[in-house]
Amino acid sequence: MNIDLKKHLLPFGFMVLLFWLSKTYNEFIGVFVFLIVGGGFLFAGFYMRNSNRRIQASGIKTKAKIIDFAEERSKDTDGYSQVHHFPIVRFKDKNGIETTQKLDTSANPKRINERIDIIYLKKENEYEIMINSEFWKTYFPLIFIIGGFLFSGGGIIWLINKI
């Protein structure tokens, strides 16, 4: 059995750092949590925004038909389960090749057989697909960015008040 040490080194180091910080700077642990969560939200928001911009700049706009939904169930730590419906779309690329792929965003399962606007970017045999709507292109990443600034700002204000 081979264990990829590089894959587990960062999370393990992060846990050791948090443990050390909690023992050494117990009064600052809340500040560190706010800063880390804020940084995570900022990273996710800017990553999504840049990915969306890259797909928009180099991608191809087309229409896709929702042909089915993949139902995935997730459980939270309290044991409550939630069902997400991910649309499976079919479209023809610029070469006329018909492609079927599951999207990464959940949607209302009643939208079956509906046509939606998408932008796709083909890399080798994989497609990166983005729903061509203002919400997914602009507002969804912006929600994460604003949340990141709020958490980070709260952590900085809390840190300034503790010093």
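What covers the buried residues of α3? The cover includes α2 (29–58) and β5 (126–131). Before going further, a word on the model: it is a predicted one, where local features need pLDDT of at least 70, side-chain atom pairs count only at pLDDT 80 or more, and totals for chains, interfaces and linings use all residues. Residues are numbered from 1 along each chain as its sequence is written, and side-chain values use heavy atoms, with hydrogens and water left out.

**Layout**

The protein chain has 3 helices and 5 strands, running α-α-β-β-β-β-β-α from the N terminus on. Helices (H or I, at least four residues) and strands (E, at least two) are DSSP runs, numbered from the N terminus. Of the 163 residues, 26% count as buried; buried means under 20% relative accessible area, exposed over 50%, and partly exposed in between (1.4 Å probe, protein chains only). Take the contacts with a separation of 6 or more, and 58% of them come from residues 24 or more positions apart, a contact being heavy atoms within 4.5 Å. The accessible surface is about 11800 Å², with 59% belonging to carbon and sulfur atoms; areas come from the Shrake-Rupley method with a 1.4 Å probe, and for residues only the protein chains shown count as cover.

**The helices α2 and α3**

Helix α3 (residues 134–162) has 29 residues and should span 42 Å at 1.5 Å a residue; its end C-alpha atoms are 41 Å apart, which agrees. The expected span is 1.5 Å times one less than the number of residues. For the 30 residues of α2, the reach is 43 Å from first C-alpha to last, close to the 44 Å expected.

The buried residues of α2 include Gly38, Leu42 and Gly45, and the buried set packs against β4, β5 and α3. Over in α3, the buried residues include Gly147, Gly148 and Ser152. Ser152 is buried at 11% relative accessible area, and touches Phe34, Leu35, Gly38, Gly39 and Leu42, leaving aside residues up to four places away in sequence.

Leu142 also lies in helix α3, but is partly exposed at 38% relative accessible area.

**The core**

The largest nonpolar core has 13 residues, and Val89, Leu103 and Ile116 are among those with the most contacts inside it. β1 (60–75), β2 (81–92), β4 (115–123) and β5 each give two or more residues to this core. By definition, a nonpolar core joins buried Ala, Val, Leu, Ile, Met, Phe, Trp, Tyr and Cys residues through side-chain atoms within 4.5 Å.

**Salt bridges**

There are 7 salt bridges, each a side-chain nitrogen of Lys or Arg within 4 Å of a carboxyl oxygen of Asp or Glu. Three of them:

| Pair | Closest N and O atoms |
|---|---|
| Arg54 and Glu128 | 2.9 Å |
| Lys122 and Asp93 | 4.0 Å |
| Arg111 and Glu114 | 2.9 Å |

Arg54 in helix α2 and Glu128 in strand β5 are 74 residues apart, and Lys123 is linked with them in a network of salt bridges. Asp93 is buried at 7% relative accessibility, whereas Lys122 is partly exposed at 36%.
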